[in-house]
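Biologist: Please take a close look at one part of this predicted model, the interface between its two chains, and tell me how the two sides are held against each other.

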There are 2 protein chains.
Amino acid sequence: MDTFKIDDVAKASGLTKRTIRYWEEIGLLMAPERSEGGMRLYTRQHLERLQQIMKARDVLGYTLQEIQEFVAIREELLNHRQTYLNVEDQEQKKQELLEMKRIVSQQIEMVDQKLETLNEFRKELDHMTTRIENGLVQLQTTPREGDSN
Amino acid sequence: MDTFKIDDVAKASGLTKRTIRYWEEIGLLMAPERSEGGMRLYTRQHLERLQQIMKARDVLGYTLQEIQEFVAIREELLNHRQTYLNVEDQEQKKQELLEMKRIVSQQIEMVDQKLETLNEFRKELDHMTTRIENGLVQLQTTPREGDSN
DNA sequence: TCAAAAGTTAACGTTGACGTTAACGTTAAA
DNA sequence: TTTAACGTTAACGTCAACGTTAACTTTTGA
């Protein structure tokens, strides 16, 4: 079969069933097809989406609302291929594209800011490692008060 | 004076007074000295600490608990200079240093993971920008159905 | 076929991270 | 000195992001 039940998805993703349903409830995960009886039937696409959301949540520390904004833009870009017809539609599409560009620019700025700070943190951690190892060496080379000399 | 009242700290940091007190309450910010009457008297060190916490919260998306762990280690390294006396103290200090090294290694791993994912995101955002701008160019060069030719 | 396993919705509970309000004490400037 | 501005603690409120439980229906394997 090409579809998964919610427990399969939960196990594959590491999320709880509640969380999966919750994310659907708030519009973060697209609602899957249902069986005759009403069971959710997920596809690979749902799994991929969940992975993306988890990455954004865990790594970027975004709220689900912020993630939703990002994912929405991304989706819009994909669905939103060549579909302009007349002058008004062109004008509208232009406005949409400009709005998307604005939001994406904002997000780039945020990501760059995060990258910068993360690199600072990384340096500090390296520094701490050095200091710890120096401390360990000190212990080796300075055994005890008046020992062996 | 070398001390600040809570409202000064709030304005300097952009946090609310409530948040500052809350962070002290959960042990994230060291409790400042008090005046005769009981008013909190902060120093520059408190301000610096608050900046660090804010960075970790906003950029790394850590919970306050996680931040506390990071900050604690850092503090320990600073306070924890050459203070070994006898063999048992040396052994204890060695264990402490090894434990700190373990935790710092963990944190480095997490930061590296975050950096990697952030760079992926950054690339994707660039890609989106390109696509949006292509869309805009398309609109310019394909004005209207059967226009001007 | 039929019970156990797994699914569903609905609703209330919980936890972290504060916001808000109340009731009161302290500082500082007029 | 006195009063407005600012500080304090204590307690309850809130919001996001789920956890948990209940009451019920659908699937499934022996």
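Modeller: Between chain B and chain A the count is seven salt bridges, a salt bridge being a side-chain nitrogen of Lys or Arg within 4 Å of a carboxyl oxygen of Asp or Glu. B:Glu133 forms a salt bridge with A:Lys101, with 3.2 Å between the closest N and O atoms. On the side of chain B that touches chain A, helix H3 (44-60), helix H4 (64-79) and helix H5 (87-141) each supply at least two residues, helices being DSSP runs of H or I with at least four residues, numbered from the N terminus. The largest share of that side, 34 residues, comes from H5(B).

In total, 50 residues of chain B are in contact with 50 residues of chain A, where contact means heavy atoms within 4.5 Å. The two chains bury about 5200 Å² between them, 71% of it on carbon and sulfur atoms; this is the accessible area (1.4 Å probe) lost on putting the two parts together, summed over both. B:Leu118, B:Ile132 and B:Leu139 supply 13% of the area that chain B buries against chain A, more than any other three residues.

Because 100% of the interface residues of chain B are also interface residues in chain A, the copies meet through the same surface.

This is a predicted model, in which local features need pLDDT of at least 70 and side-chain atom pairs count only at pLDDT 80 or more, while totals for chains, interfaces and linings use all residues. Residues are numbered from 1 along each chain as its sequence is written, chains are lettered from A in the order in which they are written, and side-chain values use heavy atoms, leaving out hydrogens and water.
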